[in-house]
Amino acid sequence: MSEHVIEVKHLSKSFGDHEVLKDVDFNVDHGDVTSIIGASGSGKSTLLRCINLLEKPTSGEILFHGSSITGHDTDPCKYRAKVGMCFQSFNLFNNMTVLENCMTGPVKVLKKNKEEARSTALKFLEKVGMAPYINAKPRQLSGGQKQRVAIARALAMQPEVLLFDEPTSALDPQMVGEVLSVMRQLANEGLTMIVVTHEMAFARDVSNHVVYMADGVICEEGRPEDIFDNPKDPKTIEFLQRFTNR
Amino acid sequence: MTLPEGFFPRIGFIIQNYYGSFLSGVGNTMLIALVSTFIGCVIGLGVGIVQTTPTDKEKNPAAYYIMAVIHFILNAYVEIFRGTPMMVQAMFIYYGSSMVFGIDLSMYQAAFLIVSINTGAYMAETVRGGILSIDPGQTEGAMAIGMTHYQTMTSVILPQAVRNIMPQIGNNLIINIKDTSVLSVIGVMELFYTTKGIAGAYYTYFESFTVTMVIYFILTFVCSRILRAIEHKMDGPDNYELVLSDALTMGEGNYRVRKPESNTNRDLAEKKLRSSAESAIEKGNQREGL
C-alpha cells in the first residue's frame, strides 16, 4: 500500500464563534499536485495554514507520513522545514538581499555551511529566473519577481511538500504568467504541491487532484477533468459557471 | 584679572579663562549621555524582547506562569521609571542606596545607573512597539521555513525593528544630553553644574549660560546629524547590480555542468552589453567634442 504524505482527518477550526473549517478530510500522496478552489472565505487558506501549523486546529488531526503533527510532542519547526510555504504577500525578509533570503533557512535551520547553502540557493534562483538579482533587496523587485524569489527560498529548504497560498492573487496578469510557469515546471518535476488558487486554468491543466471547498467543507473532490467537465454538486456547478462565463 | 565691560567682551573673557572647565563639563555630559543611552538601549532591547515572547499556556504551563511574573515585574519597572521625574529618582537612588542598602555609590556610578535605567524604561516601550510594528508576514515567512522564535527574532525581526527605532534612539540620546543637567542635584560635574560655578565666580549668569546654551545646541545638533547618517547607511544603497557574469553565479559549488552553447550565449549577451556601453560612451565623447 502506498502511504499518504499528508492526511487530514476530521479537521475543524474556529475563530471565536465563527467555524471556518468543519470536519475536513483529505489526503495528499507523493507527487500529487492538489489544487484547492472555492470562493473567498470558504476556508481554503485556513486549511492550508493549518497544514503548516500556522493556525492551530480546534479539533481533528493532521498526519505527516502516518504520524500526527498536531499533538504536543511534535516540534513544529522541524516539521515546517520539510513542508514549505509560499504566501500571497510573499513575505520575503525585507532586511536581506535575494540571495540572503534563500540562504538563511538552509544555514540557520538545516545547519548547512555557507558555501553549500549558497550554491543550493543559486541553483534554485536560477531555476526561477532570478539569479541576476541576487544582490537586490525585496523592496527593489516587482511582485512577480518577489514571488519567484519566495518560491526559490522555499525550494532551497528542499521540502517534501510545498504549499502555495494564493500565490498569484496579488499580481497583475503578466506577473501571474511568470509565476505560474515556474509552478508548472515544479509540478512537472514531480514536487508534491498543495495550491490554493483562483487560477482555474492552472488547477485544470497542472494539478492531478482538485478540491472544491464551500463554507468550510469539502463539497467535491476528484480528478480535474471530473470536477471541471462533470461537476456533481450544485454548488460546484454554480461556482464553475461563474468562472467560465467571465 | 578684571571683568571687562559689555556682553561680548565678557563672553570672550569667560571662554578664555574657563574653557578648561567647560570642556571637562562637556566631557562628563557626553560620557554619561553616550554610555547611559547605550546601556539603556541594551536594557530596553532585553525588556522589549521578553515582553513580546509568546508563551503557550497549554504546552508549557510552568513557563507561562514564570513569564507572567516576569511580565509583571518588567511592567512595574517601566511604569515607575517613566512615571517619576529623573531628578527625584536621582535623589532617591543616590541617598537611598546608602541609607537603606548601605551601598556607597559614587556620584558617577549613580549618574550612569539613573540615566541608564531611565532610558531603559522608555526604550522598552519603543522596542516593544518596534517589534510589533513589523509585518506579521515576516514572522510567518520565517516560521514557514522552520525557524524558531529565537532565530526569527535575531535574524529577521530585530534587524528591521532596530532600524525602525533608530530615530527614537537618537531622540533618547539628545534627551539624555540635555537631561544630564538634572544630575547637578547630586553634585555630578556635568556641563550645567560647571556653568553654575563659572557664572557664580564673577556673577556673569547671562553670559555664562549663553555660552552653555550654544554648547548644548552644538552637541545635540552634531549628534542628530551623525545618527541621521548612520540611519542612511543602514538603509544600504538604492541601486543593486545585476549579476550577469558566470563567475559570480557559479560560486564555490559546481552545481551543474554547463552546456557549451549556453556559455556562448552568455558570452554573446555580454559582448552585446559591452559594445553597446562602449558605443554609448563614444557617442557621449563625440557630443562633447562638438
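Reader: Leaving aside neighbours within four places in sequence, which residues is Met183(A) in contact with?

Author: This is a predicted model. In it, once the neighbours within four places in sequence are set aside, the contacts of Met183(A) are Ile151(A), Phe164(A), Pro167(A), Met193(A), Val195(A) and Phe202(A).

Reader: How many residues does the largest nonpolar core have, and which element gives the largest share of this core?

Author: Met183(A) is among the residues with the most contacts inside the largest nonpolar core, together with Leu125(A), Val149(A), Ile151(A), Phe164(A), Leu186(A) and Met193(A). Elements of chain A that give two or more residues to this core are α3, α4, α5, β7, α6 and β8. The core has 43 residues, and its largest share, eight residues, comes from α6(A).

Reader: Is α1(B) parallel, perpendicular or oblique to α8(B)?

Author: The axes of α1 (residues 7–51) and α8 (residues 205–235) of chain B come within 9 Å. They cross at roughly 45°. An angle under 35 degrees would count as roughly parallel and one of 65 to 115 as roughly perpendicular, so α1(B) is oblique to α8(B).

Reader: By class, how many nonpolar, polar and charged residues does the contact of α1(B) with α8(B) have?

Author: The crossing of α1(B) past α8(B) is right-handed. On α1(B) the contact residues include Phe7(B), Arg10(B) and Ile11(B), and on α8(B) they include Glu207(B), Thr210(B) and Tyr216(B). By class, the contact has 13 nonpolar, four polar and two charged residues.

Key:
Residues numbered from 1 in each chain as written. Chains lettered and ligands numbered in written order. Predicted model: local features only at pLDDT ≥ 70, side-chain atom pairs only at ≥ 80, totals over all residues. Heavy atoms only, no water. Axes fitted to C-alpha atoms, helices over the stretch in contact; angles between N-to-C directions. Helix = DSSP H or I, 4+ residues; strand = E, 2+ residues; numbered from the N terminus. Parallel < 35°, antiparallel > 145°, perpendicular 65-115°, else oblique. Left-handed = near helix turned anticlockwise from the far one by under 90°. Contact = heavy atoms within 4.5 Å. Nonpolar A, V, L, I, M, F, W, Y, C, P; charged D, E, K, R; others polar. Core = buried A, V, L, I, M, F, W, Y, C linked by side-chain atoms within 4.5 Å. Buried < 20%, exposed > 50% of the residue type's maximum accessible area, 1.4 Å probe, protein only.
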